[in-house]
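Colleague: I have a model open on my screen and I'd like to learn how to read it. Could you walk me through it, feature by feature?

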Amino acid sequence: MARTRPGRSCPRHYRYSPAVFARAADLAAQSLYIVGGLYGNPFALEAVLAMARREDATLVFNGDFNWFNIDPAEFEAVNETVLRHAALRGNVETEIAGADSGAGCGCAYPEWVGDAEVDLSNEILRRLRGTASAYPELRERLAVLPMHLVAEVGCLRIGIVHGDAESLAGWQFSQETLRERPERAGVLLAGSGVDVFACTHTCLPVMQDFATPRGTALIVNNGAAGMPNFRDARFGLATRIASVPSMEALYGARLGAIVVEAVPVRYDHEAWLARFDRVWPAGSPASLSYRKRIASGPDYEVEQAVRTGAPAGALSRTA
């Protein structure tokens with residue numbers, strides 16, 4: 001019964017078949033940045049745009065680029081900028097684009113997330129929906145964004161999703177599920193015809209490899225581009241896929257001639273924290289739920305995220 005409460009339920013229209021990835025690629029790139037969980041951080045957005053410009057890379061925003069940006073000017077600026085690039089809708093964009101579906105934030109939180117956190121997320125979404133209501137044209141553009149893309153970098157096929165291979169808000173590619181119950185993820189990889197699933201949604205990063213009939217395949221979850229992902233860190237993460245390794249990568253894996261890497265998004269931490277505190281003061285739902293993480297990172301280490309036997313380079317611990 002608890003799964004039907006707002007914030008825990010997964011609407012039927014969020015779902016799709018893993019077979020959708022067995023199609024021609026929607027885009028091809030020599031260097032690809034996949035940016036999930038920007039969460040309305042304008043400084044992180046500036047940082048990823050600069051990263052992409054430096055190597056003429058293609059950007060894909062794979063959902064939840066909105067969240068903390070309830071200030072009308074920032075809501076408009078973030079969305080207008082992101083929508084100049086390839087983008088998917090996450091549960092946040094889906095919920096603010098449509099009428100209230102009863103799904104709350106649409107996060108489909110699993111049982112290990114407490115009810116208090118679910119309620120806070122539902123309230124953040126409610127406030128963001130209030131801001132979005134003044135921008136009907138932007139909401140229309142968000143509503144028609146796809147839930148998944150297929151990209152090619154070299155000979156690699158990459159399935160880009162927000163959640164997992166079956167749902168926009170799926171948790172099969174969370175670090176918790178990949179640690180405890182990896183079998184389903186392996187089946188989804190094997191049946192999808194892709195070499196890499198790049199995802200976000202579940203807030204903590206992980207890179208894990210699997211043996212499939214096609215050879216070694218990979219799931220890479222960037223956690224969040226707009227918030228720290230590791231203890232005492234002050235940067236977000238993006239997924240980079242290219243033929244040439246990045247000197248900035250924290251960790252990665254090589255699949256044939258292509259590297260898949262987690263790269264830091266080094267935004268202006270102090271400016272972002274000050275902006276966050278102005279918009280979400282102490283006692284507000286976002287402050288209660290996220291400020292500690294934004295200030296000093298979650299209780300999670302780089303070593304916990306790396307679950308691949310084929311590293312692209314030495315693991316960096318210089319966060």
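Colleague: Let's start with the largest pocket. Which element gives the most to its lining?

Modeller: Before we dig in, keep in mind that this is a predicted model. As for the lining of the largest pocket, helix H9 gives the most, with four residues.

Colleague: And what is the volume of that largest pocket?

Modeller: About 710 Å³. The lining is made up of 26 residues, and the ones closest to the centre are Glu117, Thr202, Cys203, Tyr290 and Arg293. If you go by elements, those that give two or more residues to the lining are helix H3 (91-97), helix H4 (115-132) and helix H9 (285-296).

Colleague: How many of the lining residues are nonpolar, polar and charged?

Modeller: Sorted by class, there are 12 nonpolar residues, seven polar and seven charged.

Colleague: Now the sheets. In what order do the strands of the open six-stranded sheet sit?

Modeller: Read across the sheet and you get E4-E3-E2-E10-E12-E11, with mixed pairing. An edge strand pairs on one side only, and here the edges are strand E4 (86-88) and strand E11 (251-255). Neighbouring strands in this sheet are turned by 20° against each other on average, if you ignore direction.

Colleague: Which helix packs on that sheet, and which strands does it touch?

Modeller: That's helix H1 (residues 42-54), which touches E2, strand E3 (58-62) and strand E12 (258-265). The direction of H1 makes about 145° with that of E12.

Colleague: Can we zoom in on one strand pair? In what sense do E2 and E10 pair, parallel or antiparallel?

Modeller: Antiparallel, over four bridges between strand E2 (residues 31-35) and strand E10 (residues 236-242). To find your place, pick Ile34: its bridge partner in E10 is Thr239.

Colleague: Let's move to strand E9. How many of its residues are buried?

Modeller: Five of the seven residues in E9 (residues 215-221) are buried, and the strand is mostly covered. Now look at its pairings. With strand E7 (residues 196-199), E9 pairs in the parallel sense over four bridges, and Ala198 has Val220 as its bridge partner there. With strand E8 (residues 206-212), the pairing is antiparallel over seven bridges.

Colleague: What joins E8 to E9?

Modeller: A hairpin, through two residues. E8 is also mostly covered, with five of its seven residues buried.

Colleague: Where do Tyr39 and Ala108 sit?

Modeller: Tyr39 is in the loop between E2 and H1, while Ala108 is in the loop between H3 and H4.

Colleague: Are these two residues buried or exposed?

Modeller: The cut-off for buried is under 20% relative accessible area. Tyr39 is at 3%, so it counts as buried. Ala108 has a relative accessible area of 5%, so Ala108 is buried too.

Note on methods
Residues are numbered from 1 along each chain as its sequence is written. This is a predicted model: local features need pLDDT of at least 70, side-chain atom pairs count only at pLDDT 80 or more; totals for chains, interfaces and linings use all residues. Side-chain values use heavy atoms; hydrogens and water are left out. On a 1 Å grid over the protein atoms alone, a cavity is a set of points where a 1.4 Å probe fits but cannot get out, and a pocket is an open set with protein on both sides within 12 Å along at least five of seven lines; lining residues have an atom within 4 Å of a point. Grid points are joined across faces, edges and corners, and a volume is the space filled by probe spheres set on the points. Ala, Val, Leu, Ile, Met, Phe, Trp, Tyr, Cys and Pro count as nonpolar, Asp, Glu, Lys and Arg as charged, and the others, Gly among them, as polar. Two strands pair if DSSP finds at least two bridges between them. Axes are lines fitted to C-alpha atoms, for helices over the stretch in contact, and angles run from 0 to 180 degrees between N-to-C directions. Contact means heavy atoms within 4.5 Å. Buried means under 20% relative accessible area, exposed over 50%, partly exposed in between (1.4 Å probe, protein chains only).
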